[in-house]
Amino acid sequence: MDRSTEGLRPAEAFEGRIVRVEPIAERHREGLREAAEQEPQIHRYTGMYSVGFDRWFDDALGSATEVPFVVHVNGRPVGSTRYLNIEPFHGRAEIGWTWLQRPQWGTGANIETKYLLLRNAFETWGAMRVEFKTDARNLRVRGALLGIGATFEGIFRKHMVLPDSIRDSAWYAIVDDDWTRVKGLLERKIEEHASLGP
């Protein structure tokens, strides 16, 4: 197993039943911009809210320490996610900066995106731990993290400075001991959503 940052970069896109997740590239800029700018309020708890789309995209595209992806549904970009805070020696990485257009909420797109990245992290990269964090006020995301089988680990108070506030961050994780259970849970949820069709 390659536990370097490169070990998390897939040679090909992750293909699911609902989503296709592929490494971000310049060709995605305009399609992803259209997806991101339809509802700016969905970025309230993300860095894009303060820096704007082009700065966010350029940072993602040029990052040497993170592994950003574009999420597609029916061939169209609908959001993004990435691996970050990658610690190869400790077998630890975070999945974050995740956002999807509002019409994709509740469709299984987020569940399958997380599943594909988690499966790659645990089964290909050899992760011991995958972390998630979100603004403690973001109750929708906190509920979604519990829904994918992540364990709540606490609040980091005054963790980040945002343009309009100081953020407390809620931390969650899935460890390798959890993966068999979580994998089964996510596969059942994906099956339920995929069987409903578009």
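Glu 131 touches Arg 92, Ala 93, Glu 94, Ile 95, Trp 171, Tyr 172 and Ala 173, not counting residues up to four places away in sequence; contact means heavy atoms within 4.5 Å. The model is predicted: local features need pLDDT of at least 70, side-chain atom pairs count only at pLDDT 80 or more, and totals for chains, interfaces and linings use all residues. Residues are numbered from 1 along each chain as its sequence is written, and side-chain values use heavy atoms, with hydrogens and water left out.

Glu 131 lies in strand S6. Helices (H or I, at least four residues) and strands (E, at least two) are DSSP runs, numbered from the N terminus. Leaving aside neighbours within four places in sequence, Glu 112 is in contact with Gly 16, Arg 17, Ile 18, Val 19 and Ile 190.

| Residue | Relative accessible area | C-alpha separation |
|---|---|---|
| Glu 131 | 8%, buried | 9.5 Å to Thr 151, 20 residues apart along the chain |
| Glu 112 | 3%, buried | 9.9 Å to Ala 194, 82 residues apart along the chain |

**The sheet**

The open sheet has 8 strands in the order S1-S2-S3-S4-S5-S6-S8-S7, with mixed pairing. Two strands pair if DSSP finds at least two bridges between them. Strands S1 (14-15) and S7 (151-161) stand at the edges with a single partner strand each, so one side of each is left without a neighbour in the sheet.

Strand S6 (residues 129-135) runs antiparallel to strand S8 (residues 166-175), and 7 bridges join them. Within this pair, Lys 133 stands opposite Trp 171 in S8. Helix H5 (residues 139-147) packs on the sheet and touches S6, S7 and S8; the direction of H5 makes about 160° with that of S6.

S7 also pairs with S8 in the antiparallel sense, over 7 bridges. These two strands form a hairpin with 4 residues between them. Ile 155 stands opposite Ala 170 in S8.

**The helix pair H4 and H6**

Two packed helices are described by the angle between their axes and the distance between the axes. For helix H4 (residues 109-125) and helix H6 (residues 179-196), the axes come within 10 Å and cross at roughly 150°. Axes are lines fitted to C-alpha atoms, for helices over the stretch in contact, and angles run from 0 to 180 degrees between N-to-C directions. H4 and H6 are therefore roughly antiparallel to each other; angles under 35 degrees count as roughly parallel, over 145 as roughly antiparallel, 65 to 115 as roughly perpendicular and the rest as oblique.

The contact is made by Ile 111, Glu 112, Tyr 115, Leu 118, Arg 119, Phe 122 and Glu 123 of H4, and by Trp 179, Lys 183, Leu 186, Glu 187, Lys 189, Ile 190 and His 193 of H6.

Methods:
Buried means under 20% relative accessible area, exposed over 50%, partly exposed in between (1.4 Å probe, protein chains only).
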